[in-house]
Amino acid sequence: MCGIIGIASNKPVSINIINSLKKLEYRGYDSAGLATLTDNTINEKKCSGRVEELEKILFKTPSNGNIGIGHVRWATHGIPNLVNAHPHSTDQVSVVHNGIIENSDELKKELEAEGILFKSQTDTEVVTLLITEALKKNNPLNSVFKTLKKLKGSFALGIIFKNFSNIIIGARRGSPLAVGYSKEENYIGSDSYALKSMTNKISYLDDGELCLLTKDEVSFYDANLKKINKKILTMSENDTSTDKGEFKHFMIKEIVEQPDTVRNCIDEYVDSLKKNINIFNFPIEPQKINKIILIGCGTAYNSCLTAKYWFEELTSIDIEIDIASEFRYRKLKFDSNNLYIFVSQSGETADTAAALDICKKNNVKTCSIVNVIESTIARNSDWVLPIHAGIEIGVASTKAFLGQLTVLYILCLKLAFIRKDIDEKTYIKKISNLKKLPEAIKRCIKNDSNVQLMAKEFASAKGSMFLGRGSSFPIALEGALKLKELSYLHAEGYPAGEMKHGPLALIEEGLPVIVIAPKDKYFEKTISNMQEVIARGGKILFITDQKKESLNENIRFGFRVPHIDNLLSPMLLTLPLQMLAYHVALLKNCDVDKPRNLAKSVTVE
Ligand code: M6R
């Protein structure tokens with residue numbers, strides 16, 4: 001979950017390293033650092049905190065050097081402070097690392113037994129010291145190769161060498177690493193986004209591979225150090241909007257963008273003229289799909305859980321869902337007639353990628369629903385369904401959630417129709433309802449003032465609960481996740497019917513309880529559950545799509561979303577919850593785009 005960058009150029013690189021680190025900050029923002037080579041000396045600058053602090057340091061004491069590496073950190077080993085910030089250097093070598101060296105304690109003991117001293121608490125310093133030792137007898141490439149053989153765990157590494165002032169070595173196992181090319185400059189970076197302002201020509205290292213770059217050329221090596229060739233991809237230009245524009249935060253910009261991102265997504269998949277869904281080339285013949293298993297983490301998992309209700313409602317396919325970190329360690333029975341679908345905004349989430357690898361090893365068909373089409377998960381799966389949401393920068397996932405739901409819904413409709421689980425009339429009706437979604441989303445977002453009133457109820461609360469039934473249950477989970485992630489306020493999402501099995505004990509006078517109750521087959525049941533909460537003093541914030549006025553003295557605030565089709569309600573009911581989390585975070589002065597302890601792309605287990 002750290003971000004790394006490396007630039008080999010014919011001109012000073014520190015400013016471009018800083019610019020790339022700013023783009024990589026979504027991956028970690030505990031500390032930042034860079035190292036450049038000047039007059040055969042490694043020149044390191046580091047700070048705890050954000051890249052802007054590093055920029056200030058560089059402003060006062062500029063770093064020259066035409067070759068350099070940079071890092072933004074999300075702490076795993078050792079607290080986030082200056083000493084543990086990357087790069088980790090000796091007088092011979094400087095290293096930036098994303099990932100976790102699982103056997104670092106063991107290797108550290110071996111090195112200490114030889115009298116070698118450590119400065120930091122990080123696992124990365126082991127890599128620096130092993131390479132330094134190996135350099136006594138080997139050239140840089142062999143030193144790195146020999147060091148990698150000793151490492152267990154996951155890593156993407158960027159390394160520069162005091163005595164080899166024109167090269168950067170990159171290596172990958174588990175954590176992603178992109179290589180970029182331009183005239184008289186070459187790059188490594190944790191993702192293509194970090195390189196975007198410098199190049200759109202990209203290659204990706206696969207697991208176990210290394211690269212050696214100079215300003216003029218890049219050489220690639222496989223896990224046995226045999227030279228290999230790599231395909232050069234031209235990156236898509238559909239996600240160029242990477243500044244906040246008129247908005248105070250990326251999160252609110254991304255919330256407001258949702259009518260457009262959902263419309264883009266629908267336009268990509270729906271043929272309006274033919275009233276058909278353009279999804280073809282299923283990796284398994286649709287009629288033969290026995291079961292679909294949906295896998296993701298966090299918000300992506302919540303979209304899987306929502307889709308489960310749709311697939312059960314519309315198709316004859318069995319559905320299972322799982323959290324990727326659980327799936328990867330379960331003792332599973334794989335079936336070649338099952339389709340395994342991986343949902344991930346970034347396409348780099350370590351647990352999701354590992355779960356996908358397990359499926360591949362078991363020779364079953366895989367599909368990924370991702371936002372980043374150049375990502376590891378997309379590249380490793382048999383079939384990719386992009387969500388076309390454009391870059392999402394706020395750590396809290398908003399437009400990607402709606403994008404994931406839209407693609408899952410479209411896939412569900414297509415499968416239901418091909419398998420004759422629904423007739424043509426229903427299929428066409430559902431498609432035409434779906435096309436109304438962007439406009440309805442727009443109407444919800446306009447209704448912001450009610451949400452601001454609701455937010456005030458949370459600013460001083462000790463905790464909160466989010467309740468829903470059916471497909472509103474995953475939306476309750478998502479609402480609670482957003483609130484805790486952004487405002488650090490305890491929030492529980494629950495199926496409303498579960499309250500009396502324990503959580504009702506938490507209800508006390510004035511506790512804010514969000515009840516999500518669209519007018520579906522669960523409505524009356526949810527209202528009964530709500531009454532049980534009211535009877536115990538809970539302060540109800542009611543979110544519904546029903547027309548009748550249902551506020552009373554026990555229901556403090558309400559938010560009404562438009563109604564299009566019961567199955568589309570989850571998308572609309574999500575919007576007030578996203579806006580609520582945003583406004584509570586503002587009231588509590590929290591860092592909306594970079595909540596504490598988190599990172600956008602979770603590339604460690
Ligand atoms: O990139 P992914 O969709 O795989 O990320 C999964 C989760 O880490 C992510 O959804 C996380 O829960 C969000 N920060 C929630 O807003």
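User: Before we start, what should I know about the model and the numbering?
Analyst: The model is predicted, so local features need pLDDT of at least 70 and side-chain atom pairs count only at pLDDT 80 or more, while totals for chains, interfaces and linings use all residues. Residues are numbered from 1 along each chain as its sequence is written, and side-chain values use heavy atoms, with hydrogens and water left out.

User: Ok, which residues are closest to the ligand?
Analyst: The ligand is surrounded by 14 residues, and the closest are Ser344, Gln345, Ser346, Thr349 and Glu485; a residue is near when one of its heavy atoms lies within 4 Å.

User: How much of the ligand's accessible area does the protein cover?
Analyst: The protein covers 90% of the 410 Å² of accessible area that the ligand has on its own, with areas taken from the Shrake-Rupley method with a 1.4 Å probe.

User: Which elements give two or more residues to that shell?
Analyst: They are helix H9 (298-314) and helix H17 (472-487), where helices are DSSP runs of H or I with at least four residues and strands are runs of E with at least two, numbered from the N terminus. The largest share, 3 residues, comes from H9.

User: Switching topic, what is the strand order in the parallel sheet?
Analyst: That open sheet of 5 strands runs S24-S23-S25-S26-S27, two strands being paired if DSSP finds at least two bridges between them. Strand S24 (490-495) and strand S27 (555-560) each have a single partner strand, so one side of each is left without a neighbour in the sheet.

User: How many bridges join S25 to S26?
Analyst: Strand S25 (residues 512-516) and strand S26 (residues 539-544) are joined by 5 bridges, and Ile514 has Leu541 in S26 as its bridge partner.

User: And what about the antiparallel sheet, in what order do its strands come?
Analyst: Its 7 strands form an open sheet in the order S5-S6-S7-S8-S12-S13-S14, with strand S5 (88-89) and strand S14 (227-228) at the edges. Strand S12 (residues 210-213) pairs with strand S13 (residues 218-221) over 4 bridges.
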